[in-house]
Amino acid sequence: CNATKLPSESRRASFKLGTRLLKIFEREPAFTLPAQWYEKIKTGEAQGHYCIAFGLLANAMDASKEDTLTAFYYNAATAFITNAVKLIPLGQQDGQEMLMSLFPEIQVLARLNVCPDSSRIGYCCSGFDIRSMQHEHLYSRLYMS
């Protein structure tokens with residue numbers, strides 16, 4: 001996860017989100033593996049990347065891989081659209097319509113990634129990474145990179 005998140009701000013955000021997600025379920029008896037991982041994060045033995053926390057919790061809930069990927073992608077799309085609604089004068093209704101229009105694509109993406117091509121693991125969007133790293137050093141920003 002560290003290797004695929006080149007911008008330092010993206011890595012820190014992933015740690016924070018993952019740690020917060022695990023903390024929500026810390027005291028739930030059914031979530032022993034996520035709780036053990038959370039303890040390792042607190043002692044510095046592990047890092048709390050969001051995607052790992054999400055996967056551990058999905059496993060604890062006995063979710064299928066396709067359902068887990070669908071939920072993960074849907075959550076990512078929701079975050080992007082929420083930011084777009086705030087930055088581009090879009091109404092909430094517009095944002096909801098955008099999200100609903102993406103759902104068929106999210107389902108296809110999840111289906112295609114149930115068995116990913118191992119030669120493509122670690123692919124990234126270098127242009128996005130470069131812009132994120134540049135954004136980290138701007139004087140004035142609306143959001144973290």
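Here are some friendly questions and answers about this predicted model.

Q: How many helices and strands does the secondary structure of the chain come to?
A: Let's start with the overall layout. Read from one end to the other, the chain runs α-α-α-α-α-α. The tally is therefore six helices and zero strands.

Q: What share of the contacts in the chain with a separation of 6 or more comes from residues 24 or more positions apart?
A: The C-alpha trace spans about 45 × 35 × 35 Å along its principal axes, and 25% of the 145 residues count as buried. Among contacts with a separation of 6 or more, the share from residues 24 or more positions apart is 60%.

Q: Is Ile-130 buried, partly exposed or exposed?
A: Ile-130 sits in helix α6, which covers residues 126–135. Together with Leu-6 and Met-133, Ile-130 forms a nonpolar surface patch with about 240 Å² of accessible area in total. Buried would require under 20% relative accessible area and exposed over 50%. Ile-130 has 44%, so the class is partly exposed.

Q: Which residue meets Lys-42 in a salt bridge of 3.0 Å, N to O?
A: Side chains of opposite charge can pair when their charged atoms come close. Lys-42 is partly exposed at 45% relative accessible area, and the side chain that meets Lys-42 at 3.0 Å, N to O, is that of Glu-26. Lys-42 lies in helix α2 (residues 32–43), while its partner, 16 residues away, is in the loop between α1 (8–24) and α2.

Q: Which residue is linked with Glu-26 and Lys-42 in a network of salt bridges?
A: The structure holds four salt bridges, and the Lys-42 and Glu-26 pair is one of them. These two residues also belong to a network of salt bridges.

Q: Is Glu-45 buried, partly exposed or exposed?
A: Glu-45 pairs with Lys-40 in a salt bridge whose closest N and O atoms are 3.6 Å apart. Lys-40 has a relative accessible area of 35%, so it counts as partly exposed. Glu-45 reaches 58%, so its class is exposed.

Methods: Residues are numbered from 1 along each chain as its sequence is written. This is a predicted model: local features need pLDDT of at least 70, side-chain atom pairs count only at pLDDT 80 or more; totals for chains, interfaces and linings use all residues. Side-chain values use heavy atoms; hydrogens and water are left out. Helices (H or I, at least four residues) and strands (E, at least two) are DSSP runs, numbered from the N terminus. Buried means under 20% relative accessible area, exposed over 50%, partly exposed in between (1.4 Å probe, protein chains only). Contact means heavy atoms within 4.5 Å. Patches are made of residues with over 30% relative accessible area and no salt bridge: like charges are joined within 9 Å, nonpolar side chains (Val, Leu, Ile, Met, Phe, Trp, Tyr) within 5 Å. Accessible areas come from the Shrake-Rupley method with a 1.4 Å probe; for residues, only the protein chains shown count as cover.
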